[in-house]
Amino acid sequence: MELLLIRHALPERLEVDAGSADPTLTDLGRRQAAALVSCLSGEGLDAVYSSPLQRARETAAPLADAHGLGLRVDADLAEWDRDSQAYIPMEELKATDHAVWRAMAEGRFADLGIDVAAFTRRVVGGIDGLAASHRGQRIAVVCHGGVINAYTAAVLGLDTMLYFEPDYTSISRVLVARGGTRSIRSLNETGHLRALADPPATPGPAT
């Protein structure tokens, strides 16, 4: 079977005084989600799963609709920061040399309140369970950068939780044999986003 691990589209920056930050997609994020739908229009999907967080559900819903499928929400696909009171896009964290970015870059996950072993067990166990439920099929799993890192690192046998930065709506493919053997087919496919990165055409002279 084939797992399509898809990072959610670009969400809004959000900080809240109480509860957890659960932002919606930006306008660009909605265009990224639409580009993802177009990219996968020729591939048959047997199921679409999503993290319960809003940014993932809003990315996954158009894909599920396009394939005539109901969206399935799975709590095991949530990101490590699901209970945080702030969501700051990674680009801003890096550009401002934010303390959260420094801790992640230096592997100080405990400083961020992350139990790496527990997070990895949840993610790997959850995704392996989905794969076992869909033998011989292709499913889309819309989740988060940390989730994709944790699962693919386990497949590759890496002793780290974060080793690459998936782009928004990027697709990483994992093949799972009937015996459970997993292999990486691709990481961070982003061809469908090229048109969104192109600057608008400059108008020519009036004729």
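Which strand does Leu187 lie in? Leu187 belongs to strand S8, residues 182–189. Strands here are DSSP runs of E with at least two residues, while helices are runs of H or I with at least four, and both are numbered from the N terminus.

## About the model

Residue numbers start from 1 along each chain as its sequence is written, and side-chain values use heavy atoms, with hydrogens and water left out. This is a predicted model, in which local features need pLDDT of at least 70 and side-chain atom pairs count only at pLDDT 80 or more, whereas totals for chains, interfaces and linings use all residues.

## Strands side by side

Let us start with S7. Strand S7, residues 171–176, is mostly covered, with five of its six residues buried. Buried means under 20% relative accessible area, exposed means over 50%, and partly exposed is in between (1.4 Å probe, protein chains only).

S7 runs antiparallel to strand S1 (residues 2–7), and five bridges join the two; two strands pair if DSSP finds at least two bridges between them. In this pairing, Leu4 stands opposite Arg173 of S7. S7 also pairs with S8 in the antiparallel sense, over five bridges, and there Val176 stands opposite Arg182 of S8. The hairpin of S7 and S8 has five residues between the strands, and Gly180 takes a positive phi near 100° in this hairpin.

## A nonpolar patch

Back to Leu187: this residue counts as partly exposed because its relative accessibility is 33%. Together with Leu156 and Leu158, Leu187 forms a nonpolar patch on the surface, with about 230 Å² of accessible area in total. Such areas come from the Shrake-Rupley method with a 1.4 Å probe, and for residues only the protein chains shown count as cover. Patches are made of residues with over 30% relative accessible area and no salt bridge; like charges are joined within 9 Å, and nonpolar side chains (Val, Leu, Ile, Met, Phe, Trp, Tyr) within 5 Å.

## Charged partners

A salt bridge is a side-chain nitrogen of Lys or Arg within 4 Å of a carboxyl oxygen of Asp or Glu. By this rule the count comes to 14 salt bridges. One of them joins Glu43 and Arg138, whose closest N and O atoms are 3.6 Å apart. Glu43 sits in the loop between helix H1 (27–39) and strand S3 (47–50), and Arg138 in strand S6 (residues 138–143), so this pair ties together parts that are 95 residues apart in sequence. Glu43 counts as buried because its relative accessibility is 19%, while Arg138, at 25%, is partly exposed.

Another salt bridge links Arg108 with Glu106, and here the closest N and O atoms are 2.7 Å apart. Arg108 is partly exposed at 32% relative accessibility, whereas Glu106 is exposed at 53%. Salt bridges that share partners also join Glu2, Glu43, Arg138, Arg173, Arg185 and Glu189 into one network.

Asp97 and Arg102 form a salt bridge too, with the closest N and O atoms 3.6 Å apart. Asp97 is partly exposed at 41% relative accessibility, and Arg102 is partly exposed at 33%.

## Helix H6

Ala150 has its place in helix H6. Because its relative accessible area is 3%, Ala150 is buried. The C-alpha atoms of Ala150 and Gly29 are separated by 23 Å, and the two residues are 121 residues apart along the chain.
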